[in-house]
Amino acid sequence: MEKGKTLYVSDLDGTLLQPDAKLSPRTLEMLNRAISEGALFTIATARTPATVAEIVKDLDLRLPAVVMTGTALWDKQSGHYSRVCYMDDAAVKELVKIYDQRQYPTFLYTLRDDMIHIYHVGGKMNPLEKQFIEERSHNRFKTIHIDSDGSSVLPDYLGDTVLFYGIQPDAESEAVYALTSKVADVRAQKYYDFYGPEIGILEAFSPQSTKANAIKALAQSIGAERIVAFGDNLNDLPMLELADVGVAMENGLEEVKGKADVVIGKNTEDEVAKFILRDMGMEP
């Protein structure tokens, strides 16, 4: 396919970032050079701006970032969210009921006035959840409404809920994932990440919340004629399939590599930035 105006989109963890969850100095230099030469580059991540902002603070990110697995676009300069995919109110209430009945501790995220609010349902927090909250306390992008024992008073209005996020032992996550998947107007996913295979991460969103949908909307808004996407995990598959060139990392899951158009080196080797420069006809 002729190249045309290209939008480059990269996942963060396991793809663009080093194991310490930072951009390497080499990747940062190459990406900023590419952007200065006209590259249309952004990121697509399951993370929220609470951690994304620090990661990209030195990156000349001019386009909105795809955050929360496609739940919204977020502009680094203004801090404004756009294309927000709110969950169905009835679906939210049904999920809260399921998690409370199963005593499955889960974080509930709402988004209003460009601020994320985090609540907790389903029982006491486990050590991983406590660590998760401690790392995000006193963050200007989030307001946490959770006591130390995990108790949380939900707001009367839940129509601005954007996602549920659970970090629990895999067997329990698998069982609750089966229940979550049956709720109407919900897109559920379960996967493993940096916690390892013993911990299942369970997420629930609006059906419109995918990296692919957000990237498609962004590409249309900027007039991109070609999309090149980079990823390593299962939640990257929709955007790799959407892309004209889907690029998987050597360290990615076999299922992801099997469906990619191209497999490049490891995330520790600055491969995404190198690929972008070469694709632009520049030397890394």
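The model is predicted: local features need pLDDT of at least 70, side-chain atom pairs count only at pLDDT 80 or more, and totals for chains, interfaces and linings use all residues. Residues are numbered from 1 along each chain as its sequence is written, and side-chain values use heavy atoms, with hydrogens and water left out. The structure holds 16 salt bridges, and its largest nonpolar core has 56 residues.

- D13 is found in helix 1, residues 12-16; helices are DSSP runs of H or I with at least four residues, strands are runs of E with at least two, and both are numbered from the N terminus.
- The side chains of D13 and R47 make a polar contact at 2.8 Å. A polar contact is a pair of N or O atoms within 3.5 Å; within protein, one must be able to donate a hydrogen and the other to accept it, and residues adjacent in sequence count only if both atoms are side-chain atoms.
- Neighbours within four places in sequence aside, D13 is in contact (heavy atoms within 4.5 Å) with A21, R47 and D232.
- I43 lies in strand 2, residues 40-43.
- I43 counts as buried because its relative accessibility is 0%; buried means under 20% relative accessible area, exposed over 50%, and partly exposed in between, with a 1.4 Å probe and protein chains only.
- Apart from neighbours within four places in sequence, the contacts of I43 are V9, S10, L12, L16, V52, V56, A65 and V66.
- Between I43 and V262 there are 219 residues of sequence separation and a C-alpha to C-alpha distance of 18 Å.

**Salt bridges**

- Side chains of opposite charge can pair when their charged atoms come close. A salt bridge here is a side-chain nitrogen of Lys or Arg within 4 Å of a carboxyl oxygen of Asp or Glu.
- E54 and K57 form one of them, at 2.9 Å from N to O; K57 is partly exposed, with 47% relative accessibility.
- D60 and R62 form another, their closest N and O atoms being 2.7 Å apart. D60 is partly exposed at 29% relative accessibility, whereas R62 is exposed at 52%.
- K259 and E255 are also paired, with an N to O distance of 4.0 Å. Both lie in helix 9 (residues 254-259), four residues apart, about one turn of the helix.
- K259 has a relative accessible area of 46%, so it counts as partly exposed; E255, at 43%, is partly exposed as well.

**Nonpolar cores**

- A nonpolar core is a set of buried Ala, Val, Leu, Ile, Met, Phe, Trp, Tyr and Cys residues joined through side-chain atoms within 4.5 Å.
- In the largest core, the residues with the most contacts inside it are F41, L59, F107, Y109 and F230.
- L59 is in contact with L23, L28, L31, N32, I35, F41 and K76, leaving aside neighbours within four places in sequence.
- A second, separate core has 21 residues, including L40, A219, I227 and L237.

**Helix 10**

- Helix 10 spans residues 271-279 and is mostly covered, with seven of its nine residues buried.
- Those buried residues are E271, V272, A273, F275, I276, L277 and D279.
- G281 follows helix 10 and has a positive phi, near 85°.
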